[in-house]
Amino acid sequence: MGHMFQSVSFIVFCTIMAFETHCFSLCKVLALSFPLFGLVSVGEGRFKGFRKFDVVQDSSYGAVSEELWFTQKLDHFNGGDSRAWKQRYFVNEAFYKPGGPVFLMIGGEGPANPAWMKEGTWLTYAQKLGALCFMLEHRFYGKSHPTTDLSADNLRFLSSRQALADLAHFRTVMGENRGLTNRKWVAFGGSYPGSLAAWFRLKYPHLVHASVATSAPVFATVNFPEYLEVVWRSLASENADCPVLVKKASDTLAERLKDPKTFENITKDFNLCSTLQIQSQMDSAYFLESVAGNFMDVVQYNEDNRGFEGVLGTNITIKVLCDVMGDASLGDPYTRYVAVARLMMDTFSVKCLDVSFSNYVRDMTNTSWDGPAAGGGRQWVYQTCSEFGFYQSTDSPNQPFTGFPLDYQVKQCASFYNISADEVAEAVAQTNEYYGGYDIQSSRIVFPNGSIDPWHALGITADITAELPSVFIKGTAHCANMYPARSQDLPQLSEARDHIFLLLQQWLK
């Protein structure tokens, strides 16, 4: 929902996204998601899949949205396993009118952020339609801990199928307990939760009446080089020279990483936490991917109104990065690339950049709930290895970066969870077989996507049928239509929000 954290190396929490709970971003796949994978540290592991959103746990929202807990089964598909756990959820009853619909915001690959119970387009719709609003945190993320730790054995219970069954059981029991069984329920989600919103309607049509599946990658694929192809196009839309300069800089850096005599200078240039050591292709790939992540995150969230969640760095846009890359007074393209990295570190108050792959492996293989990647990184990368792939590799000539091929990303599945490359490929094929990929057979699901967002390449960007419409928004990034409206929004973004509202109004008649 991705590329969706911890040590500074952990690139900024992919934050997708929490929207954080909601748009999680699919952080860099390899890196949302959780939220950003950039250069920041937010105490969570580096996300790999969906670049995500920064998580903000602002206590001021506490009074507005009390944490509530719902009992779920650990394994919905084994009647002989009676183990249960407590799942976190939130409610907003401010707009509910008796007889009105029920809105269910689906959590994703990071902590559910109660900021979404106060603001966001879905609440504007709720106010107009008299809806009761719930937000359910995804199993294994945030405070929803189904198991004692994050061992590979326990992560077997982390999957989109179990998450959909959680949603189904929550909807059934809440319907019974609150007299909402016969109300029309509408699912909302952005990024990976957007996919869940679509699949909830697809797999449980008797429980959910309609879905808004924003920036939803519905097609699973092991290799996702198209992500970086969209990054090229998005940078070029600002300035045709921008991605060309980024490519020159990335190529220069990759070349220098082959010569140990350059390591001391590179260490100083990028303000690394320890002297650069390149002992394997994995080391150089991790470094190259980390630095590229600055551009990937900014493109994914370009000009999105994430500030309301408390996300830092929303002032850093594609224009800002391309202005730095185009500034000849700074020196050659490599020097400008370094300047971008320094700008990102300053913005996120990162003291030094940890590009040690061995530190990353150490953090990602820590199975404790208190571990550095437990904020979402270990869990999300597991989902990419066991269900989705989504690896944003440099295996295409039509993109601006060098040096992090598919092989580097898939090897991590074996290192972290003992999942082989063949098993990843088989899991991805099963996912598409189960959900249908692009060929969704359902009704009353709307698929909003932004042209700047690299995830649109795996989403629905043209109407499937009149009952499965797409809303393709030129010039917007990941989950833009979900954020609160503001005066500087593009007219086509405002129109998209209005169009989605009209669809809901029609579907809820």
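The model being predicted, local features need pLDDT of at least 70 and side-chain atom pairs count only at pLDDT 80 or more, while totals for chains, interfaces and linings use all residues. Residues are numbered from 1 along each chain as its sequence is written, and side-chain values use heavy atoms, with hydrogens and water left out.

Strand 3 covers residues 84-92, and seven of its nine residues are buried, so the rest of the structure largely encloses it. Buried here means under 20% relative accessible area, exposed means over 50%, and partly exposed is in between (1.4 Å probe, protein chains only). Strands (E, at least two residues) and helices (H or I, at least four) are DSSP runs numbered from the N terminus; two strands pair if DSSP finds at least two bridges between them. Strand 3 pairs with strand 2 (residues 68-73) in the antiparallel sense over six bridges, with glutamine 72 opposite tryptophan 85. Strand 5 (residues 132-136) also runs antiparallel to strand 3, joined by four bridges, and there methionine 135 is the bridge partner of phenylalanine 90.

As for nonpolar cores, these are sets of buried Ala, Val, Leu, Ile, Met, Phe, Trp, Tyr and Cys residues joined through side-chain atoms within 4.5 Å. The largest holds 122 residues, of which Phe134, Phe270, Phe287, Tyr337 and Phe401 touch the most other members. Helix 7 (residues 281-300) is the top contributor, giving 11 residues. A second, separate core has 37 residues, including Ala131, Val186, Phe501 and Leu504.

Helix 12 (residues 406-417) spans 17 Å from first C-alpha to last, close to the 16 Å expected, the expected span being 1.5 Å times one less than the number of residues. Its buried residues include Leu406, Tyr408 and Phe416.

Three disulfides turn up, each a pair of cysteine sulfur atoms within 2.5 Å. Cysteine 385 of helix 11 and cysteine 413 of helix 12 are 28 residues apart; their sulfurs sit 2.0 Å from each other, and both cysteines are buried. Cysteine 242 and cysteine 322, also both buried, have sulfur atoms 2.1 Å apart, and their S-S torsion is about -85°, so this disulfide is left-handed. The link of cysteine 273 and cysteine 352, by contrast, is right-handed, with 100° about the S-S bond. Cysteine 273 is partly exposed at 38% relative accessible area, as is cysteine 352 at 22%.
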